[in-house]
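Hello,

Here is the structure for you to look through. My notes on what turned up follow below it.

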Amino acid sequence: MHVPEKWRLDKQSDIYAFIEKYSFATLVSPSLQSSHLPLMLDSDKQYLIGHFARSNPHWREFVEDTNQQHLVIFNGPHGYISPTWYANKPAVPTWNYAVVHIKGSAEILSAVETAKALDLLMAKYEPALLDTREVVTPEYQEKLAHGIVGFKISMDVIDAKAKLGQHRTKADQQGVTAALSKSSSPDHQALVNYMQALKLGVG
């Protein structure tokens, strides 16, 4: 990914927070086989953890060559930026967005590791499912476990880009922030919320 220095996101805590929040990723292997799936961040061991449906042939690439690099793409908020929002003219339309790319090698998880990964996934998105185990019973989870393949991907290379108009003048940034804040578009609202959280491109 092309990442000009002015748009590089290099603070580790910001990158990890991005992955945690926008965790539904696109996983692309060298063969160009791709899958869309949620990934968990193991920041201590520097891994991304997830699972395939066993019927998805993509996981077999992880077995055939454990040294090849895979690309994981986390897409964040994005939106159209009108040149009429800038204080300075002339100007052209553009698109603001944030994205994180990670490259790394992959390993298949054991059955025990996969079960732990599933519990981590539920703990993140709906922890109540682990409290009573009435809906996702251990027996049902074990039965379905035969239909999935857990994996982890090392975080060897991280490229993070936040193209949020932070290179423009303060007046231009304030114009964009005001327009996004007034917009009824959910994409624009997500974008301006992220810009304000990072304090980038808001003037």
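**Cavities**

Strand β4 contributes the most to the lining of the largest cavity, with 3 residues. Helices (H or I, at least four residues) and strands (E, at least two) are DSSP runs, numbered from the N terminus. Please keep in mind that this is a predicted model: local features need pLDDT of at least 70, side-chain atom pairs count only at pLDDT 80 or more, and totals for chains, interfaces and linings use all residues. Residues are numbered from 1 along each chain as its sequence is written, and side-chain values use heavy atoms, with hydrogens and water left out.

The structure has 2 cavities of 30 Å³ or more. A cavity here is a set of points, on a 1 Å grid over the protein atoms alone, where a 1.4 Å probe fits but cannot get out; lining residues have an atom within 4 Å of a point. Grid points are joined across faces, edges and corners, and a volume is the space filled by probe spheres set on the points.

The largest cavity holds about 40 Å³ of space. Its lining is made up of P38, M40, I49, G50, H51, A117 and L121. The elements giving two or more residues to this lining are β4 (47-53) and α3 (111-125). By class, the lining has 5 nonpolar, 2 polar and no charged residues. For these classes, Ala, Val, Leu, Ile, Met, Phe, Trp, Tyr, Cys and Pro count as nonpolar, Asp, Glu, Lys and Arg as charged, and the others, Gly among them, as polar.

The second largest cavity has a volume of about 30 Å³. Y86, N96, L164, G165, R168, Q173, V176 and G201 form its lining. That lining has 3 nonpolar, 4 polar and 1 charged residues.

**Aromatic rings**

A search of the whole structure gives 7 aromatic pairs. Rings of Phe, Tyr and Trp (its six-membered ring) pair if their centres lie within 6.5 Å; planes under 30 degrees apart count as stacked, over 60 as edge-to-face and the rest as tilted.

Take F18 and Y194. Their ring centres are 5.8 Å apart and their planes are at 70°, so the pair is edge-to-face. This pair links distant parts of the chain: F18 is in helix α1 (residues 12-21) and Y194 in helix α7 (residues 186-198), 176 residues apart. Both F18 and Y194 are buried. Buried means under 20% relative accessible area, exposed over 50%, and partly exposed in between (1.4 Å probe, protein chains only). F18, Y22 and Y194 form one aromatic cluster.

Next, Y80 and W95. Their ring centres lie 6.2 Å apart with the planes at 65°, so this pair is edge-to-face. Y80 sits in strand β5 (residues 70-81) and W95 in strand β6 (residues 94-104), 15 residues apart. Y80 counts as partly exposed because its relative accessibility is 35%. W95 counts as partly exposed, at 41%.

W7 has lysines over its face. K6 is at 4.7 Å from the ring centre, and K163 is at 5.3 Å. The test is NZ of Lys or CZ of Arg within 6 Å of the ring centre and within 35 degrees of the ring normal.

L71 lies in strand β5. With a relative accessible area of 22%, L71 is partly exposed. Leaving aside neighbours within four places in sequence, L71 is in contact (heavy atoms within 4.5 Å) with T26, L27, V28, H101, I102 and K103.

Best wishes

Key
1 Å grid on protein atoms, 1.4 Å probe; cavity = no way out; pocket = protein on both sides within 12 Å on 5 of 7 lines; lining within 4 Å.
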